[in-house]
Amino acid sequence: MKASVIGATGFAGAELLRLLDGHPEVELAAITSESSTGENIAAMYPHLSVRIETALGSLQDIEQIADKSDVIFIALPHGHAMKIGRQLKMHDTKIIDLGGDYRFKDIRVFEEWYKVKHEDPETKAVYGLTELYRGQVKDAKILANPGCYTTCSILSLVPLLKAGLIETQGIIIDAKSGTTGAGRGLKLGSLYCSVNENFHAYGVAGHRHTPEIEQVYSEYAGKDVVIQFTPHLLPVDRGILATCYASLKNDVSEAQVQEAFAEMYADEYFIRLRGQGACPEIKNVRASNYVDIGWQIDKRTGRIIVMSVLDNLVKGAAGQAVQNMNVMFGIPENTGLTQLPIYP
């Protein structure tokens, strides 16, 4: 397959290049960057040297790029993919958007939370959380790759919502991200002196991933679900840790919880169920496409605490995008993604 990466110089774009280089069925067709057009990607990212020595193109050539691409990955901030999607409506090229433009069924929700007008409202994209929507992903023309916080949080509680084991009110998600989740741009909050030996919340009561999580929770619960979601910034490069709290319904047993998770995920290659009492750690999934999930029941409060971890640049972005690409093109889902995590 011929694959192109739009926005190859961001952290997610560079991670896509690393994964695609190791994919036996993929050849790079083009890579772009509006800020570094004409430069060699290996000059910006020396870890790609020798393997990927490619000059960066421009979005001005998107029609020509589409003509020579089977799939285009868009690794740009929100607001860009919908313009590209609209422009390429008549092309056969499949599009995988790593941003937020196509993630919502209701365009009004996107416009409310992202504060921009949607420029391609007629397009119905597939939400690409592969483990939940594999059948739809297979036939997708435009695919919305989920966010990193959302992937971790959704996979944590969907089995319990589907099985009707938890109350839909009072769900709290306390999540933490490595600094690469903030992107490669120069920001005061991402400077070494701001992050090192520090830990803080941000986007409290207003983070854009909130309605994305609620959308999927509501679907599986069969009713509207409103959550409390609070993200935090960790002084690490990679990783997401989501700690999710929900009230168990009366007389729900540990065996029922175990069965609910096993029913959904026992055959999923990239989900590793750690079980009752396990507290997953981000170091154990670093640079991999795995999600580790553990849980604990607090009989004193009647709550279940589900903990999950993933690498925000892999399963939370580039890895999940490649996983979706595999499904879209009918090749084994784990192709190019079987690497074990890096440790330590």
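A disulfide here is a pair of cysteine sulfur atoms within 2.5 Å. The sulfur of Cys279 is 13 Å from the closest cysteine sulfur, in Cys244, which is too far for a bond.

Before I continue, two remarks on the basis of these values. This is a predicted model, in which local features need pLDDT of at least 70, side-chain atom pairs count only at pLDDT 80 or more, and totals for chains, interfaces and linings use all residues. Residues are numbered from 1 along each chain as its sequence is written, and side-chain values use heavy atoms, with hydrogens and water left out.

To return to the cysteines: a search of the whole structure finds zero disulfides. Cys148 is in no disulfide, and its nearest cysteine sulfur, that of Cys152, is 8.7 Å away. Are these cysteines buried or exposed? I use buried for a relative accessible area under 20%, exposed for over 50%, and partly exposed for values in between, with a 1.4 Å probe and protein chains only. Cys148 is buried, at 12%, whereas Cys279 is exposed, at 55%.

I turn to the aromatic rings. Rings of Phe, Tyr and Trp (for Trp, its six-membered ring) pair if their centres lie within 6.5 Å; planes under 30 degrees apart count as stacked, over 60 as edge-to-face, and the rest as tilted. The whole structure holds nine aromatic pairs. One of them joins Phe261 and Trp295, with centres 4.3 Å apart and planes at 10°, so this pair is stacked. Phe261 belongs to helix α10 (residues 254-265) and Trp295 to strand β12 (residues 291-298), so the pair ties together parts that are 34 residues apart in sequence. Helices (H or I, at least four residues) and strands (E, at least two) are DSSP runs, numbered from the N terminus. Phe261 is buried, with a relative accessible area of 0%, and Trp295 is buried at 1%.

Tyr269 and Phe270 form an edge-to-face pair, 4.9 Å centre to centre with 80° between the planes. Tyr269 is partly exposed at 40%, while Phe270 is buried at 1%.

A charge sits over a ring if NZ of Lys or CZ of Arg is within 6 Å of the ring centre and within 35 degrees of the ring normal. Lys283 places its charged end over the ring of Tyr343, 5.9 Å from the centre.

Next, the strands. Two strands pair if DSSP finds at least two bridges between them. Six strands make an open sheet in the order β2-β1-β3-β4-β6-β5, with parallel pairing. β2 (27-32) and β5 (126-127) stand at the edges with a single partner strand each, so one side of each is left without a neighbour in the sheet. Within the sheet, β3 (residues 71-74) and β4 (residues 94-97) pair in the parallel sense over four bridges. Ile74 has Asp97 in β4 as its bridge partner.

Finally, two individual residues. Gln323 is found in helix α11 (residues 314-328) and is buried at 0%. Contact means heavy atoms within 4.5 Å. Leaving aside neighbours within four places in sequence, Gln323 is in contact with residues including Thr130, Glu131, Phe270 and Asn289. Asp224, by contrast, lies in the loop between α9 (209-221) and β9 (228-233) and is exposed at 72%. Asp224 and Thr168 are 56 residues apart in sequence and 8.2 Å apart in space, C-alpha to C-alpha.
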